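Take a moment to turn the model around on your screen. Then let's walk through it together, one spot at a time.

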Amino acid sequence: MRSETRGAVELSLAMVLSGTLGVFVVESGASPFEVVFYRCLFGALALGAYSLARGFFTGHGFTARTFGLALLGGVFIVFNWVFLFEAYAATSISLATVVYHTQPFFLVLLGALFMGERIGRGRLAWLGTAFLGLVLVSGVRPGDTGSLAGLGYALAAAVLYALATFVTKRITGVRPHLIALVQVTAGLPLLLPFADLGAVNGGWGWLAGLGVIHTGLMYVLMYAAYAKLPTAKIAVLAFTYPAVAMGVDWAVYGHHIGLVQALGVPLIVLASLKVTLGGTAPTRVAASAPRTAGRAPEAASPVATRVG
């Protein structure tokens with residue numbers, strides 16, 4: 001199997017796994033804070049075991065600055081998950097996932113705000129298109145407070161994920177597996193004051209799955225794929241995630257979006273692709289790093305991190 005084909009298979013599988021995440025969250029029966037706490041716990045164990053087996057801790061490449069950035073990114077990642085899982089409960093997995101995919105637009109705005117990057121008329125037009133799609137997808141009526149709350153949670157999650165991506169992109173010379181390990185480990189003390197661990201009755205298989213499958217295995221597959229694929233292909237395959245999530249939500253819970261909402265989905269997808277790929281060359285997002293002290297390239301890209 002060619003390297004790029006293998007990467008496409010790995011990323012497609014990772015996105016399919018990501019699309020089933022909502023079912024694991026709902027079926028666990030736990031509140032978002034408890035779900036995220038145990039996702040961090042089991043995810044840290046899975047990523048730690050994988051990194052140890054691969055020898056990634058030798059010559060890890062962390063400095064005080066990059067370790068601090070990883071911790072800050074962890075704060076954003078962890079609470080992004082909390083808000084996303086709150087959105088699942090307030091609306092539906094389908095709606096929350098589609099709204100969550102407005103992340104690239106917030107990343108563009110962060111670049112303009114903090115890095116002085118020009119947005120340009122083209123990107124402004126696509127941002128407007130995405131906003132129109134968001135209005136259609138929301139399908140929110142003025143008195144529908146539940147949907148309004150869910151929409152707000154999903155948007156808050158998108159903003160926090162954009163912040164995590166913005167921070168993580170500043171980390172170089174460190175394997176992304178180790179950055180993810182720091183981030184999920186940081187979630188344990190962060191969430192402990194908010195989580196009622198004694199309230200979790202059953203659902204341990206679902207919680208363990210979130211950590212081992214949706215954090216450990218899924219991230220390993222994604223990072224392996226990024227080194228083999230051009231940015232354009234990653235951007236396209238990333239939309240397997242919301243497609244699978246919407247299909248699973250319909251198959252398991254009977255939730256589906258209406259006709260007007262469905263009109264907004266392609267607007268968000270198209271605008272997201274245009275904003276993400278605008279001005280990018282068809283190069284690899286990341287290259288394989290040496291097993292020991294060699295420096296790796298950027299840990300993540302805005303395209304490559306758009307998962308729950």
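**A walk through the model**

Let's start at Thr66, which touches Gly61, Ile171, Thr172 and Val174, leaving out residues up to four places away in sequence; touching here means heavy atoms within 4.5 Å. Thr66 sits in helix α4; helices (H or I, at least four residues) and strands (E, at least two) are DSSP runs, numbered from the N terminus. Thr66 is buried, with a relative accessible area of 5%. Buried means under 20% relative accessible area, exposed means over 50%, and partly exposed is in between (1.4 Å probe, protein chains only).

A quick word on what you are looking at: this is a predicted model, where local features need pLDDT of at least 70 and side-chain atom pairs count only at pLDDT 80 or more, while totals for chains, interfaces and linings use all residues. Residues are numbered from 1 along each chain as its sequence is written, and side-chain values use heavy atoms, with hydrogens and water left out.

Now for the rings. A pair of aromatic rings is described by the distance of the centres and the angle of the planes. The structure holds 14 aromatic pairs. In Phe79 and Phe194 the ring centres are 6.2 Å apart and the planes meet at 85°, so this pair is edge-to-face. The cut-offs go like this: rings of Phe, Tyr and Trp (its six-membered ring) pair if their centres lie within 6.5 Å, and planes under 30 degrees apart count as stacked, over 60 as edge-to-face and the rest as tilted. Phe79 belongs to helix α4 (residues 64-90) and Phe194 to the loop between α9 (176-191) and α10 (204-226), so the pair ties together parts that are 115 residues apart in sequence. Phe194 is partly exposed, at 47% relative accessible area.

Tyr223 and Tyr226 make another edge-to-face pair, 5.9 Å centre to centre with 70° between the planes. They are 3 residues apart in helix α10, or about one helical turn. Tyr223 counts as buried at 14% relative accessibility, and Tyr226 counts as buried at 3%. Elsewhere, ring pairs link Phe37, Tyr38, Phe42 and Trp204 into a cluster.

The charged end of Arg39 sits over the ring of Trp81, 3.9 Å from its centre, and that of Arg170 sits over the ring of Phe166, 4.2 Å from its centre. To count, NZ of Lys or CZ of Arg must be within 6 Å of the ring centre and within 35 degrees of the ring normal.

How many salt bridges does the structure hold? There are 2, each being a side-chain nitrogen of Lys or Arg within 4 Å of a carboxyl oxygen of Asp or Glu. Arg6 and Glu10 meet in one of them (3.3 Å, N to O). Both lie in helix α1 (residues 3-19), 4 residues apart, about one turn of the helix. Arg6 is partly exposed, with a relative accessible area of 45%, whereas Glu10 is buried at 11%. Lys228 also forms a salt bridge with Glu10, with the closest N and O atoms 3.0 Å apart. Lys228 lies in the loop between α10 and α11 (231-237) and Glu10 in helix α1, so this pair ties together parts that are 218 residues apart in sequence. Lys228 is buried, with a relative accessible area of 18%.
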